[in-house]
Amino acid sequence: IQTPKKLRLGNLVLTNRRLMFLNVIQSSPEVTESIKKLADAPMEVVLDHAYKLNGDNFQIPLSAIAGLKIGAYNWTPIPHVCLSIVFFDGNSTRSRMAAFQFIRPYKQTIFKPEIFLLFEWIRKIKKAIADADSSK
């Protein structure tokens, strides 16, 4: 993800109620021990714990997502693509945007170009939003 401040490296996680970005964290004995304690916990509990491990992590409720698209940047020599998500943050009437670039091994990119992966993410996020709306 790229913010006005810095480029971040982490994991994008989609659940049935939210989309989360979890930054890479430095391992420590305390982190390892806290994760071991959650071995049998439900996934939502594990994700809530992981979310609290880094102050730069963020989450977007599925109900706050206003738009999904594929963006492009750095057109030379070849364009790079990213997943752009427009969402409303809290009670604000102004929308925000987050852009995600997926980094994969070269062989995976040859067999399945990144743009196909982004279309899959958009399809899955839209399905999660529809499923969340239908369960209300």
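Leaving aside its neighbours within four places in sequence, which residues is Ile125 in contact with? Taking contact as heavy atoms within 4.5 Å, Ile125 touches Leu14, Leu19, Ile65, Leu68, Leu83 and Ile85.

Before I go on, a word on the source. This is a predicted model, in which local features need pLDDT of at least 70 and side-chain atom pairs count only at pLDDT 80 or more, while totals for chains, interfaces and linings use all residues. Residues are numbered from 1 along each chain as its sequence is written, and side-chain values use heavy atoms, with hydrogens and water left out.

Let me turn to the sheet. Helices (H or I, at least four residues) and strands (E, at least two) are DSSP runs numbered from the N terminus, and two strands pair if DSSP finds at least two bridges between them. Three strands form an open sheet, ordered E4-E5-E6, with antiparallel pairing, and its edge strands, each pairing on one side only, are E4 (65–73) and E6 (95–100). Strand E5, residues 80–88, is joined to E6 by six bridges, and Leu83 has Phe100 in E6 as its bridge partner. Across E4 and E5 lies helix H4, residues 114–134, running at about 175° to E4; such angles, from 0 to 180 degrees, are taken between N-to-C directions of axes, which are lines fitted to C-alpha atoms, for helices over the stretch in contact.

Now the core. A nonpolar core is a set of buried Ala, Val, Leu, Ile, Met, Phe, Trp, Tyr and Cys residues joined through side-chain atoms within 4.5 Å, where buried means under 20% relative accessible area, exposed over 50% and partly exposed in between, with a 1.4 Å probe and protein chains only. The largest such core has 24 residues, and among those with the most contacts inside it are Leu83, Phe100, Trp121 and Ile125. Helix H4 gives the most to this core, with eight residues.

Finally, the aromatic rings. Rings of Phe, Tyr and Trp (its six-membered ring) pair if their centres lie within 6.5 Å, and planes under 30 degrees apart count as stacked, over 60 as edge-to-face and the rest as tilted. The whole structure holds four aromatic pairs. Phe58 and Phe100 are stacked, at 6.4 Å centre to centre and 25° between the planes, and both residues are buried. Phe102 and Trp121 are also stacked, at 5.5 Å and 25°. Because Phe102 lies in the loop between E6 and helix H3 (106–111) and Trp121 in H4, this pair ties together parts that are 19 residues apart in sequence.
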